[in-house]
Structures are given as C-alpha cells and as structure tokens.
Amino acid sequence: MVRKLKIVNHPEGDRPFSEYGIGVSKAGSRASRVIRALLARKEFAKSRRQWLYDGPWPQVGREDLLRAHDAAFVDEFLSDAPERILVQAYELEDEAGNPRRFDPDKAERPLRDLVPRAMAQTEGTLQACNLALAAGFAYYLGGGMHHAGRAQCWGFCPVNDVVVAARRLQAEGAVRRVWIVDTDAHRSDGSAEILLGDPTILNLSIHMAAGWPLDGPLFDADGRLARCRYPTTVDIPIQEGGEEMYCEALSRGLALLETLSLQPPDLAVVVAGGDPWEQDGLESSKLLRLTQEQMLARDLLVYDFLSDRGIPQAWLMAGGYGAESWKIPYQFLTALA
Ligand SMILES: [Zn+2]
C-alpha cells in the first residue's frame with residue numbers, strides 16, 4: 001500500500017555540510033539515497049507522486065521559534081550575525097578556540113546560510129506533522145534536532161524543530177496533546193529542558209545510559225542539575241551490552257507513557273535516529289549497538305503501538321551517520337509499504 005505512505009523531502013534542509021566548510025561526513029545525502037533506493041523498486045517507481053512530498057512548505061518564523069527558545073537566543077539566531085550560535089551548535093571550535101572540523105576556505109556558502117537550512121528542516125518537520133494529521137502517517141527524511149535547548153544548543157542542533165512544530169500545531173488549534181517518542185542513541189536533552197513543566201507534550205527518550213551528552217558532571221558550575229540531565233516524562237537509559245532487552249524496555253516505556261497520559265495524544269512525533277545501529281559511523285554512539293533486525297523491530301514496535309491506538313504519527317529520520325546509514329529508514333519504509 002505505497003499510496004498510504006507519505007515521505008517528506010525538503011532539499012533546502014538537506015544541503016551537505018561540506019557546502020558550509022564543515023567536514024563531518026563524506027557519506028552524502030541519506031535522504032537522496034533512501035529516495036533512490038525506493039525508486040528502484042517497481043511499486044514505488046510507479047506511484048512516486050502519491051508518496052513523495054517535496055513542497056510547498058509552511059512558513060516558519062520568529063514567533064514559532066519563540067514558543068521553544070528564549071527571545072535573546074532567537075533574535076541572535078535570526079540576526080545578521082548568527083555565527084556564535086552556529087559555532088556552538090555545530091561544535092566548530094575546540095576548547096582553545098581553534099577551528100574544529102571547519103575550514104572556511106573550503107566553504108561554497110557562508111556559515112550563516114545554516115540558518116535557512118535549519119529553518120527548512122523545521123518546515124519539513126512541521127509539514128510531516130500536518131500530513132500525519134491528515135493521513136495518519138508521514139516520514140520526514142530530516143529533522144529531529146533534539147539537542148537544542150531554550151538558549152543553548154549543541155550536537156548539530158541549532159533549533160529544536162520537534163518542539164517548535166508541536167507547539168505551532170497547538171497554537172493553531174490543530175492538536176492539544178502531543179507525544180514525542182525519541183529513539184535516537186543520544187538522550188533528548190534539549191527537548192527535555194524545553195518541555196520541563198509542560199503537561200501537554202510528553203516526551204519518551206530511550207538512549208545510551210553513558211557517553212555523550214551524559215559524560216559530563218551531574219551538576220553545573222552553579223550547583224544546578226546539569227541541563228543535559230533534565231528529566232523527560234519517560235527516561236529509558238540502556239546500559240552498554242543491554243541490546244537484548246532494548247525492545248522490551250521500549251515496550252514497557254511506551255506503556256508507561258500511555259499510563260501517565262491523562263488523555264490520548266492527538267499526534268506523536270517519533271525521533272527515529274539511526275545511530276543506535278551497530279554499523280552506524282558515529283563514534284559517540286558506539287555504546288549502543290543494535291543489529292539491523294533489532295532496528296527494524298524497534299521501529300515496527302513504535303509504529304504498531306501508535307497505529308493500534310489510532311494516534312497519527314510523524315516520523316523524523318534524525319541522527320544517522322556513515323555510508324550505510326540510509327538502510328535504516330529504507331528498511332522501515334519498505335516494511336510498511
Ligand atoms: Zn544521535
């Protein structure tokens with residue numbers, strides 16, 4: 001039933017980092033690779049217009065970012081000089097202030113063009129949510145910038161598209177309650193910070209129990225709980241070597257999320273990072289090593305849980321690194337088709 005699939009691709013949000021002088025991955029675009037592989041299958045090739053969405057896009061602006069981020073942060077991000085935030089978000093300097101994985105001489109476009117790239121990703125996430133509300137399911141081949149907090153960002157996440165999109169839909173009256181189900185290898189620390197005390201958007205995060213971003217001290221310099229450790233609604237840390245019980249823990253976590261919800265959500269946003277995969281290319285996610293089969297079981301578990309309850313689901317491809325990383329969204333989407 002390929003016709004029922006809605007796959008969202010926003011080319012502006014998918015520009016390779018090398019264009020900005022950032023040397024992070026030579027794997028090319030995962031989104032294009034997934035689309036190419038899908039089009040190589042007869043059932044997808046003949047119905048491309050039905051499943052592939054590539055515009056138009058809803059406008060996302062300052063007032064949308066303000067629903068998740070501090071005003072001073074938003075104004076700097078949207079100003080003529082967003083570089084400080086971009087250097088922080090993409091971690092382009094080491095502790096001594098020297099460039100890290102960044103060579104302006106190799107850039108084809110200025111660093112500040114990463115702002116429209118991040119805004120485009122937020123548009124993609126928002127549109128995937130719109131399509132999910134209309135059709136039950138949509139998968140955006142991007143998004144998932146869950147490390148961006150209210151006024152600080154890191155982990156390649158300048159703004160939090162996930163919370164921005166959810167709150168925009170709330171402001172429009174399209175939804176009241178939202179779940180975020182985050183299965184990226186790294187803890188969804190930014191979303192946790194922004195959503196602290198918000199009873200309308202509940203957040204599940206299943207992630208590596210150790211390693212980045214949880215490798216720092218428990219408390220910050222002012223003696224407050226470190227920002228990356230702010231609680232989510234359901235927090236599921238997986239210890240190194242705990243892969244065998246991953247799906248069981250996720251299943252119990254989803255049941256707990258439902259128990260904690262006074263009413264069912266109008267929408268679930270799934271941050272489906274591919275980096276828990278054992279063949280993922282990112283060094284910082286090596287403490288969690290799910291097999292390709294376990295990754296598919298993870299995704300189908302979440303999909304079935306939500307569809308059994310009639311909850312519209314917007315999926316975001318989120319993290320995933322290396323030449324083979326496109327296989328994770330591809331195997332999920334073909335399993336659904
Ligand atoms: Zn990640």
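Modeller: Let's begin with what counts as a donor: an N, O or S atom within 2.8 Å of the metal (3.2 Å for Na, K and Ca), and since water is not among the atoms, sites may look incomplete. Please keep in mind that this is a predicted model, where local features need pLDDT of at least 70 and side-chain atom pairs count only at pLDDT 80 or more, while totals for chains, interfaces and linings use all residues. Residues are numbered from 1 along each chain as its sequence is written, and side-chain values use heavy atoms, leaving out hydrogens and water.

Now to the metal itself. The zinc ion is coordinated by Asp 184 through OD, His 186 through ND1 and Asp 275 through OD, at 1.9 to 2.2 Å. Along the sequence, these donor residues follow the spacing D-x1-H-x88-D. Asp 184 sits in the loop between β4 (178-182) and α9 (189-195), whereas Asp 275 sits in the loop between β7 (267-271) and α11 (292-308), so this pair ties together parts that are 91 residues apart in sequence. The helices (H or I, at least four residues) and strands (E, at least two) in these labels are DSSP runs, numbered from the N terminus. Asp 184 and Asp 275 are both buried; buried means under 20% relative accessible area, exposed means over 50%, and partly exposed lies in between, using a 1.4 Å probe and protein chains only.

The strands named here lead us to the sheet. Eight strands form an open sheet in the order β2-β1-β3-β8-β7-β4-β5-β6, with parallel pairing. At its edges are β2 (52-53) and β6, each pairing on one side only. Two strands are said to pair if DSSP finds at least two bridges between them. β4 and β5 run parallel and are joined by five bridges, and Val 181 stands opposite Leu 204 in β5. Five bridges also join β5 (residues 201-208) to β6, again in parallel, with Asp 235 of β6 as the bridge partner of Ser 205.

Side chains of opposite charge can pair when their charged atoms come close. A salt bridge here is a side-chain nitrogen of Lys or Arg within 4 Å of a carboxyl oxygen of Asp or Glu, and the count comes to 21. Arg 298 forms one with Asp 299, their closest N and O atoms being 2.8 Å apart. Arg 298 is buried at 0% relative accessible area, and Asp 299 is buried at 3%. Ser 307 lies in α11 and is partly exposed, at 34% relative accessibility.

Elsewhere, Arg 67 and Asp 64 meet in a salt bridge of 2.8 Å, N to O. Arg 67 is partly exposed at 28%, but Asp 64 is buried at 2%. A network of salt bridges links Glu 12, Arg 15, Glu 19, Arg 109 and Asp 113.

On a 1 Å grid over the protein atoms alone, a cavity is a set of points where a 1.4 Å probe fits but cannot get out, and lining residues have an atom within 4 Å of a point. Grid points are joined across faces, edges and corners, and a volume is the space filled by probe spheres set on the points. The whole structure has one cavity of 30 Å³ or more, and the largest cavity holds about 30 Å³. Its lining includes Ala 272, Gly 273 and Gly 274, along with Arg 30 and Met 317. By class, the lining has four nonpolar, five polar and one charged residues, where Ala, Val, Leu, Ile, Met, Phe, Trp, Tyr, Cys and Pro count as nonpolar, Asp, Glu, Lys and Arg as charged, and the others, Gly among them, as polar.

Technical notes. 1 Å grid on protein atoms, 1.4 Å probe; cavity = no way out; pocket = protein on both sides within 12 Å on 5 of 7 lines; lining within 4 Å.
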